[in-house]
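Let us go through this structure by question and answer.

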Amino acid sequence: MWGKGLITGMKVTWGHWFGKKETVYYPEEKLPMTERFRGGHLAFDEEKCIGCKLCAIGCPNAALDLTVSVDENKKRHMESYVHQIGRCMYCDLCIEACPTKAITWDKNYEFASYFKEDMTYDALVEARNRRGNDE
Amino acid sequence: MAQTEKYVLNMGPQHPSTHGVLQVQVELDGENIVGAKPVMGYLHRGIEKLMESRTYVQCVPFTDRLDYVSAMNNNLGFCMAVEKLAGIEVPERAEYIRVICAELNRIASHHVFIGSLTNDLGSATGMIYAFRDREKILDLFNIICGARMTAHYIRIGGVAADAQDEFLRDTQKFIDYVPEMLDEYNKLFSGNEIFQARMKKTSIITKEMALKFGMSGPNIRASGVDYDIRKIDKYGAYGKFDFEVPLGKRGDNWDRYMIRMKEIAESAKIIQQALDNMPEGPYMAKVPKVLRPPKGDAYHRVENTRGELGFYIVSDGSTKPYRVHIRRPSFVNLQALDTMCKGMLLADAVTAFATIDPLMGEVDC
């Protein structure tokens, strides 16, 4: 009978009228990010970093711009750790390259910006600010 | 007497049903299509050239951006080509995880096909159902590699990280859901009379034509040609699994749709076998930190969701590839568009385009 398929289809959609919702009310309700989630800014740990620059070498798109200084004891210090989000493709190669696990993703996915300048930030400054707030 | 003449209508590159930035110059005689000429290049990023200035390991995330709805299959193709070149042996567990991920991604990609096809045929509801189920797979990818679409999970020598119990458990849950899901789709669209009327006996590609165009993937199998690289080459762990290759008869839009529905069931069968026989062991081979494959070249092809995806890599013995060429299935399949559209009505051009299922990221590369 012509139209039988249409009615069967309608039955399926009606069946979902009373059922569990598949969506969440986004700004009020947020889904938790997984353990391996790649995204957001880089959370930098100044104490762990040895200034080897392996992260910047591993980056396919040169998204990391690092300045390293050497003190009188020949110890390397990070002066700035600039991450350009616009160039980053979140491939995780920098984090995997780090021998001391000094960088991780901060898993904040709400970092859309109106201006290009806001897509560049210094992870070192952010880490210091975060520590200042904690203390 | 009224005078008529042919005219050219530009469909795209911003047309909502061209699935990306493809322009089709449709030559019309009234409402009948005389010719359809695809104009490409709007999404060209020069990935082949970019790869020449990256190391082999750095090239892998670029392959995600080729066919961005089945990134795992692209990773697999490139990594296997480099492994062939450098002679790297992949651990068995990694092979199994690769198969699970590649097949999950095939299902997710077919979801996009079903969703966009039904949307193009005027049923926006259908799209929501397909994308709801695709979301389940993307969540699985989020668990295993931390990204939903641009996975970058399959690496040279294995996979990036071991599959957790959570991932395996949730994959099993999804596989158990697949028959129910297909049943719902069949009730929603396959049995729908309007859907059938639009799909059956339209845009026919015969066996000879399909072979002549060099088509591959579900499109050629819909025309009745038994050509599945998973069966022919048995690359990776595919030789160990028992699955069938669904074939079509007429090569019309309906066959191309049904092939994909059947392939979802077959993929689920492969994943189930891989989950049951998952071996223990390392997930990554011993790959040197600085990879320098010997001088020479290698070609490796895999069965991507859309057909035969091949990577040809020439090495000059340095850390970077000398030349990479990618054989993209969508690009080749798209050549059939003109033949498929000829003699059809304008509304059928949208259906023909949707059933070839090209992805512009891959066509333009």
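**A residue in chain B**

Tutor: B:L309 has 29 C-beta neighbours inside 10 Å, so B:L309 counts as buried (20 or more other C-beta atoms within 10 Å; exposed is 12 or fewer, partly exposed in between; C-beta atoms are placed from the backbone). The model is predicted: local features need pLDDT of at least 70, side-chain atom pairs count only at pLDDT 80 or more, and totals for chains, interfaces and linings use all residues. Residues are numbered from 1 along each chain as its sequence is written, with chains lettered from A and ligands numbered from 1 in the order in which they are written.

Student: In which strand of chain B is the place of B:L309?

Tutor: Strands are DSSP runs of E, at least two residues, and helices are runs of H or I, at least four; both are numbered from the N terminus. The run that holds B:L309 covers residues 307–315 of chain B. It is strand β7.

Student: Which residues does B:L309 touch, not counting those up to four places away in sequence?

Tutor: Contact needs C-beta atoms, placed from the backbone, within 7 Å. With residues up to four places away left out, B:L309 touches B:N73, B:N74, B:G77, B:R301, B:V302, B:N304, B:R327, B:R328 and B:P329.

Student: How are α6(B) and α11(B) oriented, roughly parallel or roughly antiparallel?

Tutor: Helix α6 (residues 165–190) and helix α11 (residues 253–276) of chain B pack at about 155°, axes 10 Å apart. Axes are lines fitted to C-alpha atoms, for helices over the stretch in contact, and angles run from 0 to 180 degrees between N-to-C directions. Under 35 degrees is roughly parallel, over 145 roughly antiparallel, 65 to 115 roughly perpendicular, the rest oblique. That makes α6(B) and α11(B) roughly antiparallel.

Student: How many nonpolar residues are in the contact of α6(B) with α11(B)?

Tutor: Ala, Val, Leu, Ile, Met, Phe, Trp, Tyr, Cys and Pro count as nonpolar, Asp, Glu, Lys and Arg as charged, and the others, Gly among them, as polar. The contact has three polar and no charged residues; its nonpolar residues number eleven.

Student: Which helix gives the largest share of the side of chain A that touches chain B?

Tutor: 19 residues of chain A are in contact with 19 of chain B. Six residues on the chain A side come from one helix, residues 4–15. That is α1 of chain A.

Student: What radius of gyration does chain A have?

Tutor: The value is taken over C-alpha atoms; the globule rule is 2.2 Å times the number of residues to the power 0.38. A compact globule of 135 residues would be near 14 Å, but chain A has 23 Å.

Key:
Contact = placed C-beta atoms within 7 Å.
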